Amino acid sequence: MLQLNASSSRWSAFLLLCLVLCSLLTPVVTVKHENFKTCDQSGFCKRNRAYADTALSTSSWSSPYTLEASSVRLDKGLLTGIVTKKAGDENLRLPLTVSFYESGTARVTIDEEKRRKGEIELRHNSKARKERYNEAEQWAIVGGTVLSKGAATTQGAEKGTTRVAYGPASAFQAVIKHSPFGVDFKRNGETQIKLNGEGLLNVEHWRPKIDKPVPEKKEGEEEKREGEDVTEAETSGVTVDDEGTWWEESFGGNTDSKPRGPEAVALDISFPGYQHVYGLAEHTGPLSLKETRGGDGKYTEPYRMYNSDVFEYEMDSPMTLYGSIPFMQAQKKNSTVGVLWLNAAETWVDITRSSSSANPLSFGIGGTTTTNTHWISESGLLDIFVMLGPKPQDVIGAYSELTGYTQLPQQFAIAYHQCRWNYVTDEDVKDVDRKFDKNKIPYDVIWLDIEYTEGKKYFTWDPMTFADPLGMQKQLDEHERKLVAIIDPHIKNEGNYYVVDELKSKDLAVHNKDDNIYEGWCWPGSSYWIDCFNPAARTWWQFLFRYDRFAGSATNTFIWNDMNEPSVFNGPETTMPKDNLHHARWEHRDLHNLNGLTLINATYTALLARSPAEASHPIRPFVLTRSFFAGSQRLGAVWTGDNQAAWPHLEASIPMLLSMGISGFPFAGADVGGFFGNPSKELLTRWYQAGAFYPFFRGHAHIDTRRREPYLAGEPYTGIITQALRLRYALLPAWYTAFHEAHVRGEPIVRPNWYVHPEDEKGFGLDDQFYVGGTGLLAKPVVREGQMESQEVYLADGERYFGYFDFEGYEGPGMVKVSAGLEEIPLLMRGGHVIPRRDRPRRSSGLMRWDPFTLVVVLGKAGDAEGTLYLDDGESFDYEEGAFIHRKFSYGAATSVLISEDLAATGTGGSKKAKEYLKSMEKVRVEKVIVVNAPAAWNGREEVEVSEEGAGKSGAARKVVMEWFAGEGGKAAWAVVRDPGVAIGRGWRVAFA
Amino acid sequence: MRSVGALLCLEYAATVYAASGEASRPRGVGPEFAKFYKDDSTFSCISTPSIKLPLSRLNDDYCDCPDGSDEPGTSACSHLSPLYPHTLVDHSSTGSNISLSLPGFYCKNKGHVPSYVPFTNVNDGICDYELCCDGTEEWDHVGGVKCEDRCQQIGKEFRKLDEARQKSLGSAGRKRKELVVEAGRLRREVEDRLQSLGTEIEGSEVKVRQLEVELVEVERREKGKVVRSAVQKVGKMGVLVGLAKQRSEELRGTLERVREERDASRGRVQELEGVLMTFKEEYNPNFNDEGVKRAVRAWEEYAARDKGPEPDAAHDRDLDAITQSDKDNGLDWAEYEGEGDEESDAGVLFAFEYYLPSSLRHWLDANLRTLRTTLIDSGILADTSSTSTSTSESKAVQAAQSRLDAARSDLANHHKSLTSHQEDLDSNMGPDDIFRALKGQCIATDSGEYTYEFCFLDKTTQKPKKGGGHTNMGNFVRMETVFVDEDVDSKGKGLGKGERIAMRHEGGQHCWNGPNRSTLVVLGCAEVGEVWRIMEEEKCVYRMEVGTPAVCDLVGMGGGGGGGRGGRDEL
């Protein structure tokens with residue numbers, strides 16, 4: 001019997017195992033929550049949330065932070081002082097600076113004197129730095145930090161406050177309260193942003209670990225300890241803190257040694273009167289951020305920012321993802337303000353709202369909602385930038401000035417990218433390339449995932465499968481197509497691999513807590529990680545990309561940096577231990593969220609110097625990153641990581657990309673078709689239709705999925721997908737112009753309703769439709785299954801809108817129904833805009849270079865229209881020397897004249913390159929002008945008069961044929977000017993009357 | 001090379017029209033459309049002749065006609081295609097069906113064969129020598145591009161290759177004929193065999209019938225003999241012993257079966273544990289698959305637990321002993337069975353003969369036997385011999401029975417053979433029965449780190465070059481016809497466009513996290529058997545493109561080449 005029992009239990013165990021194995025076969029579609037921390041599992045988050053709970057539930061709560069009035073100095077825009085924190089008998093000194101910049105941005109920084117001076121002791125003989133991390137700005141901030149000499153203290157400040165007026169026309173004020181310390185930022189006398197208004201400021205000061213005799217834990221003590229969690233700030237002088245998470249924390253079998261003890265920084269930032277806040281990219285929830293402390297439709301966890309490789313991430317969640325931008329904008333009617341929390345450590349943000357009604361009977365009208373946010377970071381400085389708007393463009397402009405503008409990408413980079421994990425051989429790539437041509441589907445870039453390498457050793461090619469990479473790239477180049485190959489930051493630990501040999505011998509890898517080389521697991525197995533914080537590592541990295549070293553790479557090879565969170569398969573939360581050491585002995589915890597940025601920074605510079613010849617006339621690098629931080633936009637494009645072939649992922653892609661757009665990193669896309677799983681043909685088709693409106697437009701698929709190149713879908717799907725792709729290509733001039741606006745002004749490329757209509761409160765929560773740049777194109781891609789009838793589109797204003805394809809007229813404000821059959825993309829043109837287009841389908845965007853333009857002039861209610869076009873060679877940096885065309889097209893109802901004006905304030909006349917470029921574009925003309933909503937008065941007219949500036953024929957007017965068509969049904973009347981023949985780079989006028 | 005047939009067609013057309021005003025055709029117009037461009041005052045759009053344009057609008061790089069026929073030499077109308085996102089501006093003149101009347105930009109390609117280039121390729125700065133060796137489609141020299149005329153060189157190469165191709169095709173045709181002959185021979189072999197099988201079956205049937213008769217006779221004869229031995233009337237003890245023996249036999253049988261099952265299960269568990277052990281050692285922790293990690297952990301726990309008793313040799317020896325025959329264990333049932341005889345009262349009745357003199361006994365015996373046989377035959381006496389155990393059956397009957405059995409089994413085998421040959425004969429071996437000649441023949445190719453092998457009407461296999469086990473990628477299940485649209489290279493290799501014979505292979509080795517491997521082998525014409533391409537279209541679903549002379553007459557010219565279906569499909 002005993003034997004029977006034993007064997008039966010053995011069998012049942014076996015069956016269990018079988019069940020476990022079987023469960024692998026069924027698709028698992030939920031994120032592995034157990035792999036990632038909740039706030040409760042993250043000591044500093046838990047401590048600070050508890051701190052907030054105590055503060056908010058204590059009626060007589062007083063923040064223990066005081067600004068010593070006598071220490072305050074304001075000199076040339078820089079205010080300094082000492083904030084003291086009362087902790088027990090001690091008054092800890094926290095140096096404060098408040099900077100007032102020319103741009104109108106203010107910055108508040110709090111450090112800790114003891115750590116700064118190194119007057120602390122590290123445990124475990126750690127070699128880590130003692131200071132709070134103060135180098136985030138070296139990576140994230142590139143401009144906008146000129147101090148404003150005009151900032152001045154104002155008289156008549158209330159007692160116990162210092163009041164500084166600054167900003168444009170001194171319309172801004174910072175009211176610094178001394179005790180408790182806090183700052184109110186006002187614009188035109190009205191408070192917009194409050195720091196420490198709720199008293200949640202918390203700078204965890206350094207303290208020695210006192211090894212108390214550990215009292216026997218008793219059941220009953222649990223509750224007591226709970227209550228004492230937050231007594232650190234109590235003034236009783238007896239600190240009985242919960243030290244449980246101060247000195248060591250374990251998660252998922254990994255222990256963080258925390259040699260510096262507790263060191264979190266936290267602060268509450270309130271936006272009085274603001275109901276909506278946006279930002280904190282990237283998360284999968286709605287664009288307008290939700291409350292996070294529970295309740296109906298609210299999250300229970302704070303928004304988390306700790307760049308992680310989140311496998312099969314879930315929808316509508318505050319969980320962290322691959323990248324983070326700790327930038328938030330608050331929106332109320334006609335006012336936008338923003339804050340940047342410059343901290344690269346793990347960060348959590350709680351959001352709550354409180355309402356006060358001026359008149360309790362008026363239900364919201366006249367009442368105000370205040371959004372309160374609570375920012376908590378594990379280490380580093382408390383460092384925040386405050387932007388007071390008032391327009392969305394002011395805030396994003398100020399943010400972009402600080403962190404840098406989106407790189408102006410090469411034109412191919414904004415065309416269509418075809419990717420798959422993996423194209424298996426060079427012949428496979430060439431075959432796909434041919435098939436696109438054969439099926440008349442345009443594309444610009446084909447991608448290689450990790451399998452092209454020999455055994456996951458980057459900078460090598462698998463000799464079995466990619467025997468002739470140069471031959472492959474030559475074929476691509478024949479139609480000006482590019483190859484993007486993946487290079488990840490983990491370097492395989494294997495003998496006879498020069499890259500790892502050099503990495504080790506030069507000591508350029510990340511170190512572990514004992515200051516030895518850190519070894520972890522990633523795609524290749526045992527690996528080391530390049531430490532791009534190290535200048536020597538970056539120099540070496542550049543060297544690796546040279547054509548003579550990365551044999552098989554060519555001038556049309558570009559780079560994809562994946563896994564740069566960094567993803568470490570056997571590390572805590574799939575990343576590095578926080579006590580790892582980087583260059584200059586900073587702990588990984590201090591700079592984790594910057595890690596991805598440093599890698600693409602190294603790759604970007606590497607791509608500028610692949611050969612001496614190129615170094616003197618470089619082409620613009622293209623680098624795709626998965627991980628990012630504030631500032632990454634300067635260096636490349638980003639995608640939303642490993643999504644799934646499911647409708648909710650298509651739906652979520654839109655708010656996610658809108659969020660990236662208003663967070664200063666608009667060059668973003670989601671994998672079209674969905675990475676994991678097989679999309680239905682309807683889903684694939686709808687995804688292409690949506691993807692045609694992603695700033696970064698790439699189809700991608702997991703290795704286990706069926707092939708899904710557009711030509712495989714079959715009819716009618718392939719045809720519909722091809723139309724969507726060709727629409728993207730036709731509109732490339734508009735997209736490129738939008739990218740230029742992002743490049744010079746930081747503007748989003750796809751723009752949410754609130755950004756375009758900050759006066760329209762009803763549209764503040766809208767995140768499923770958007771405008772393309774400044775073109776007036778309003779898109780609302782279909783993202784739900786079986787939705788074939790129509791799509792409701794919200795019109796924010798009273799302007800007239802027209803169907804892009806059928807010129808059907810719509811009038812706002814309010815919801816309108818737009819036809820949405822499978823072959824249709826709900827796309828409207830807002831009246832008052834001019835949309836530049838190139839109507840000739842070509843095989844790639846490079847082959848459209850010499851094609852003529854079509855201008856679509858959409859007359860608005862007032863009968864006017866205006867638009868811009870930016871154009872350059874699409875690949876070099878010559879535009880920096882003026883080699884570009886930047887035109888403004890405007891049509892005035894009063895004059896009935898369409899004119900093209902030069903917007904290039906500088907450059908065009910000057911440099912040699914500028915002249916050469918303009919000369920090369922001389923023959924590129926406008927072949928067609930389409931006027932939508934053309935005045936009925938044009939009925940019967942058959943000609944317009946065209947005149948063009950420039951040598952030889954200046955002023956000579958020509959007659960050109962025009963045809964007017966009446967609008968039938970609800971359609972707008974329209975007119976076509978037949979081949980005005982004017983050069984796109986010249987000034988000209990077309991007189992319609 | 002696109003479509004050889006189409007090009008040849010055009011060549012013919014070109015010669016016809018060459019004499020008649022080639023010079024007067026507008027740029028890009030092919031000879032077969034020249035008639036639309038003859039009017040020297042106005043031009044009428046081809047699809048909508050009511051739209052008349054001044055000649056100045058021909059090739060002025062602006063699209064006027066709804067079918068694009070006014071721009072045969074530019075890319076101005078290249079957007080007129082169902083693949084373009086048209087707006088009302090295009091739809092207003094053409095309705096919903098927007099398409100071009102012309103196949104493309106006509107390149108004369110003097111020295112080679114004329115061809116059409118898609119309008120989308122005209123003046124895009126790229127020399128499309130593949131279709132337009134004279135470079136005329138880049139007449140505008142945008143961006144300074146100059147496409148020299150390469151037709152002499154390309155034409156020469158083409159002709160050389162074409163000659164080789166024709167030669168190869170001829171040779172392929174001959175090979176196919178040989179295959180047909182061979183297939184015919186093989187078929188006849190089968191038919192012959194079928195015929196001889198028919199004769200053999202007839203013979204066997206006769207034999208079986210004879211032996212049946214013989215058996216009946218032998219049995220009849222033997223029945224009488226058993227008077228003496230077959231009269232055992234079994235007593236109670238005998239019944240018990242019989243039951244005990246039967247039971248013992250049953251138990252032994254069952255024990256043996258259980259042991260076999262146990263051994264099989266133990267073998268399976270060992271195999272599974274081996275699989276899991278390998279899984280644990282070889283799984284790629286890189287892939288960050290939480291499910292796999294969980295499975296590994298569960299296995300580790302399982303492996304660490306008390307496993308119950310190891311297989312015990314002594315215990316097994318005991319079992320061996322137990323399952324030996326009873327006789328070997330010192331238990332002779334026969335002894336006990338005999339005892340029953342002595343105690344049987346009824347036995348006495350027949351025992352009297354023992355007291356008679358031997359001569360009388362023999363006489364009596366003979367007569368009694370006849371009587372007994374008669375009685376049994378007439379149903380008066382019970383046939384005790386039929387109830388007795390086989391051991392008691394006489395050797396003669398046994399021999400007759402076994403002869404009959406052998407004959408019957410022969411007959412069955414012949415029937416089986418007949419069926420299988422008939423099936424073979426009836427099965428689809430392709431047109432002309434051609435694959436009969438190739439059945440079981442294998443061709444292979446290297447791709448990446450594997451060699452892929454295809455054996456006709458058998459299976460497909462993946463063999464790692466670095467060593468290790470072969471992987472079955474599917475066994476042949478049926479032949480199909482598939483539509484393909486693939487390139488044909490300059491040497492004529494490739495499937496081309498059209499319907500092709502394909503062989504489906506299913507039920508190959510199972511994939512981790514996936515289906516059983518399967519392969520679709522698509523056949524195109526080639527001089528020698530050759531695997532052109534192997535693709536994994538999705539996880540563990542393969543597609544092979546194979547050239548073989550066997551399908552040559554079916555697909556026309558130029559490898560699998562698209563035949564005369566026309567170059568327009570290509571444009």
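1. **Ground rules.** Since everything here rests on a predicted model, local features need pLDDT of at least 70 and side-chain atom pairs count only at pLDDT 80 or more, while totals for chains, interfaces and linings use all residues. Residues are numbered from 1 along each chain as its sequence is written, chains are lettered from A and ligands numbered from 1 in the order in which they are written, and side-chain values use heavy atoms, with hydrogens and water left out.

2. **The A/B interface.** Chain A puts 68 residues into the contact and chain B 69 residues (contact means heavy atoms within 4.5 Å). Together they bury about 6,000 Å², with 57% of that on carbon and sulfur atoms; buried area is the accessible area (1.4 Å probe) that two parts lose on being put together, summed over both.

3. A:Arg978 and B:Asp64 form a salt bridge, with their closest N and O atoms 2.6 Å apart.

4. **Which parts of chain A touch chain B.** Elements of chain A giving two or more residues to that side include helix H1 (2-23), helix H16 (717-730) and strand S49 (974-978). H1(A) supplies the largest share, nine residues. By class, this side of chain A has 30 nonpolar, 11 polar and 27 charged residues. For the classes, Ala, Val, Leu, Ile, Met, Phe, Trp, Tyr, Cys and Pro count as nonpolar, Asp, Glu, Lys and Arg as charged, and the others, Gly among them, as polar. Helices (H or I, at least four residues) and strands (E, at least two) are DSSP runs, numbered from the N terminus.

5. Buried means under 20% relative accessible area, exposed over 50%, and partly exposed in between (1.4 Å probe, protein chains only).

6. **Salt bridges within a chain.** The structure holds 116 salt bridges over all chains. One of them joins the side chains of A:Lys114 and A:Glu90 (3.5 Å, N to O); A:Lys114 sits in helix H3 (residues 113-117) of chain A and A:Glu90 in strand S4 (residues 90-100) of chain A, 24 residues apart. A:Lys114 counts as partly exposed at 30% relative accessibility, and so does A:Glu90 at 38%.

7. **The parallel sheet in chain A.** Eight strands form an open sheet, ordered S31-S30-S29-S28-S24-S23-S22-S32, with parallel pairing (two strands pair if DSSP finds at least two bridges between them). Strand S31 (668-669) and strand S32 (697-699) are the edges, each pairing on one side only. Two bridges join strand S30 (residues 637-639) to S31(A); A:Val638 has A:Ala668 as its bridge partner there.

8. **A covered strand in chain B.** In strand S10 (residues 518-525) of chain B, eight of its eight residues are buried. S10(B) pairs with strand S9 (residues 497-506) of chain B in the antiparallel sense over four bridges, and runs parallel to strand S12 (residues 541-548) of chain B over eight bridges. Across chain B, buried residues make up 41% of the 571 residues.

9. A:Thr161 is in strand S7 (residues 161-166) of chain A and counts as buried at 15% relative accessibility. The side chain of A:Thr161 reaches the backbone oxygen of A:Glu158 at 2.7 Å.

Definitions and conventions. Salt bridge = Lys/Arg side-chain N within 4 Å of Asp/Glu carboxyl O. Polar contact = N/O pair within 3.5 Å; in protein donor to acceptor, adjacent residues only side chain to side chain.
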